[in-house]
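Here are my notes on the model you sent. Please read them with the structure open.

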Amino acid sequence: MIRRAGHAVNDTLGPAAVPEIASFEGFDTRLARDNVVSWGGDPELFDRFFATAIDLDRSESTTEQPLPHTVLTLASLAAWRSGVLDLRQDALGRLTEALDSGSVADSVLASALGLQASELSDFVRCQAESPFGWPARGTGEVVVARVGGFRGLGGPWTAPPASAEQLSSDGDFLITLADGELWRLEADIFGTRLSRAEPGTGPETERPSEPPASGAWPTRLAVFDTSYIAWLVLGQAA
Amino acid sequence: MPNRWNKISASPTRTGVGASHPGLTAEDLFREQAPQSTAALDEKLRQVYYWLVNRAVISPFYDIEFSFDAPLSFPLGDAGAELHLPTDQSYSSNVLLPLLTFALGGKCLLVGGPGRGKTTLAVLMGVIAGSTPQDVRRSVQQGQPQLTVSDLVGMPLPRDLVNAGSLPEIEIAWRGWLTRPVKIIDEYNRIPTKTQSALLTMVAEGYVESYDQMLSTAPESGVESWFFTANDDAGGGTFPVIQALKDRVDVTVAALGFNSRFFDELITRVEAGEKPEEHVPTELVFAPAEQQALAAAIRAVPVPHMVRRQLEFFASQFEFVQHGGRRFEYRTKDTVMTGGGHVGEAIDSNTGADLQVDIGAQTTNSLSARALQSLITYAKAMAYFRGVAAVGLDDVAAVLPFSLRGKLLPNELHPRFEIGADRELATDQVSWLADLFEQSCRQFASLGLAKADPVGDLLSTFAQGLDGLSQVEASRRLTAIESQIQVISRQRKLYGRHFDDLIALKYLHQRYSNYLQWLESRPR
């Protein structure tokens with residue numbers, strides 16, 4: 001079997017009947033989907049989480065159309081959930097605000113992230129500690145994501161990863177391939193971004209974009225001689 | 001529009017160039033992303049390239065090769081042929097170089113036999129620049145022996161010719177093609193010499209003059225590209241192309257032949273009666289502001305110091321010829337050529353240097369500053385197209401053979417072209433020039449010039465300025481210059497690279513000497 005890149009949080013998602021998303025007044029959902037793609041997200045996951053959340057909001061709300069504030073919150077959460085790394089701050093901010101004010105039902109917010117309503121507050125707390133914070137963490141080491149892959153099979157690399165070192169902030173790694181090429185990996189619980197790195201990129205040249213997480217969520221990147229896939233592993237809490 | 005024309009390559013067209021978008025918000029999700037941002041223009045350019053090679057022109061050639069490491073090579077036949085399988089994205093020169101010409105506003109000569117798609121490719125560039133296919137086709141100037149200057153630029157109105165009291169009163173009906181962003185001159189080697197001179201003013205100066213009236217040929221974007229076609233660039237054609245016009249051509253690209261394995265596509269086109277220029281997707285058309293931003297972004301790509309040094313080293317090889325003259329400054333190929341001598345013979349008479357090692361001995365001329373400018377601009381365009389932050393040696397190596405073709409001429413008397421396995425390089429200029437640059441890079445490395453560059457150090461010290469420099473320090477630097485000249489003087493063999501270094505050292509010596517004299521002559 002060929003192992004492919006992906007995120008553990010998506011591995012357990014079964015097939016789902018995705019309700020069709022209609023555009024709302026002032027919101028072009030097709031455009032949002034295109035933007036998700038251009039920012040590295042998975043359009044099918046975005047459709048799935050956004051449509052499910054909107055559908056649930058409609059069934060629980062008294063208004064015929066979702067409020068603009070609700071649409072923005074759910075779109076941001078669903079886009080982040082689909083892998084758009086750069087929306088994490090915005091989505092977390094909106095989630096915290098909605099939970100505090102009660103402007104959007106917990107169940108609706110949770111469905112935009114693929115969580116149970118009871119897990120939401122735990123999720124926010126875990127995310128405050130690390131980009132890999134997740135309520136159902138379990139014990140022992142957990143593979144959070146598989147990254148890379150052989151170019152011939154749709155991945156980005158022509159040589160297997162040889163080594164990886166963590167840059168200053170959580171989820172930021174420098175990967176050296178067996179042929180000497182350097183790649184940078186940025187990741188969180190929902191998404192990854194791989195880009196070619198310039199020689200000279202290293203822990204000493206990188207400024208942290210956010211403070212490193214507490215010892216509760218240590219991460220490392222595992223590479224193997226026999227695989228083009230690298231594993232992003234969440235270690236045991238310190 | 002038929003679907004087969006409409007397919008555009010999905011972004012990103014290069015893996016690993018995904019940019020981050022810090023500070024994204026939910027509002028951005030529902031906002032149209034600015035299509036004119038310079039960051040997106042290189043992606044659009046790549047999409048145009050892939051549309052051209054996959055849909056528009058049948059060109060399955062990948063002769064501009066890029067590899068992360070050594071490509072997989074297969075020896076073929078018994079004459080030393082090799083097929084390389086590159087490991088990074090590689091490109092078809094006869095599509096990519098015209099596209100880069102459009103992007104940066106350059107001048108491209110497409111050579112090749114009739115029916116190879118030279119004009120079609122040029123017309124496609126015109127459509128990508130925003131003109132309709134009909135307008136572009138109408139604007140193509142067909143070179144022919146009776147083409148006059150008036151045919152080319154327009155003519156005075158007969159009414160004015162009769163009534164005008166002076167030249168400024170004559171109004172010229174300028175031809176519409178003159179101000180198009182993409183200008184196409186078909187078979188330019190069939191144009192009479194006088195008309196070629198008028199063309200030269202347009203190409204070189206960006207304006208056209210007739211009856212004391214002037215017209216700027218710049219389009220709305222300010223970025224104009226020229227495409228010339230010819231059946232060969234070796235002097236054939238009805239009229240010889242004037243040297244000044246030839247010299248203005250930035251790149252020369254051969255239109256490659258048709259690959260018979262793609263016959264089905266040809267039949268489909270015959271049956272459908274379709275022309276690719278009529279089916280350019282509107283998303284791939286560049287607005288004038290985009291063309292302006294594209295050209296500016298290309299010019300802004302930096303050339304790192306080490307790439308500049310390697311280029312300096314390469315360019316320094318070609319001016320010097322030991323027996324070119326008596327005084328040191330005149331020992332150049334240009335002295336021989338302008339004096340009516342034979343450069344090949346002057347090179348041959350030099351027994352003091354090893355012809356196999358002397359790269360400069362392989363050419364009969366040197367590189368002009370204009371040719372080097374073109375090379376740098378196209379290397380920047382190549383780096384920009386590939387989405388890399390700065391020009392690399394591989395970008396230079398990729399464009400150099402096309403940029404210097406017809407400008408750096410092989411010395412047919414050199415042993416390399418007369419005997420042995422390299423004889424075919426005398427006619428395959430692209431392969432020869434690529435090899436020449438490779439040789440130069442190897443020499444640069446073996447001489448250890450990346451680590452030590454004493455002449456460069458002396459020049460950098462001087463570049464810091466003379467203000468406040470003490471007499472003692474100026475004298476110390478003069479001694480350092482003389483020592484450096486002494487080091488070169490002790491070497492028994494003299495090569496092109498020494499010539500440029502020695503001329504630069506003499507220049508420095510003069511500047512410091514003059515400064516010292518000025519210091520000493522100042523009233524105390």
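**Notes on chain B**

1. In β10(B), Thr229(B) is the bridge partner of Leu110(B). Helices (H or I, at least four residues) and strands (E, at least two) are DSSP runs, numbered from the N terminus.

2. This is a predicted model: local features need pLDDT of at least 70, side-chain atom pairs count only at pLDDT 80 or more, and totals for chains, interfaces and linings use all residues. Residues are numbered from 1 along each chain as its sequence is written, and chains are lettered from A and ligands numbered from 1 in the order in which they are written.

3. Strand β3 (residues 107-111) of chain B pairs with β10(B) in the parallel sense, over 5 bridges. Pairing needs at least two DSSP bridges between the strands. Strand β7 (residues 182-186) of chain B also runs parallel to β10(B), joined by 4 bridges. There, Ile185(B) has Phe228(B) as its bridge partner.

4. Strand β10 (residues 225-230) of chain B is mostly covered, with 6 of its 6 residues buried. Buried means 20 or more other C-beta atoms within 10 Å of the residue's own, with C-beta atoms placed from the backbone; exposed means 12 or fewer, and partly exposed lies in between. Ser225(B), Phe227(B) and Thr229(B) point one way, and Trp226(B), Phe228(B) and Ala230(B) the other.

5. 21 residues of chain B are in contact with 27 residues of chain A. Contact means C-beta atoms, placed from the backbone, within 7 Å. The chain B side that touches chain A divides into 8 nonpolar, 9 polar and 4 charged residues. Ala, Val, Leu, Ile, Met, Phe, Trp, Tyr, Cys and Pro count as nonpolar, Asp, Glu, Lys and Arg as charged, and the others, Gly among them, as polar.

Definitions and conventions. Two residues are in contact if their C-beta atoms, placed from the backbone, lie within 7 Å.
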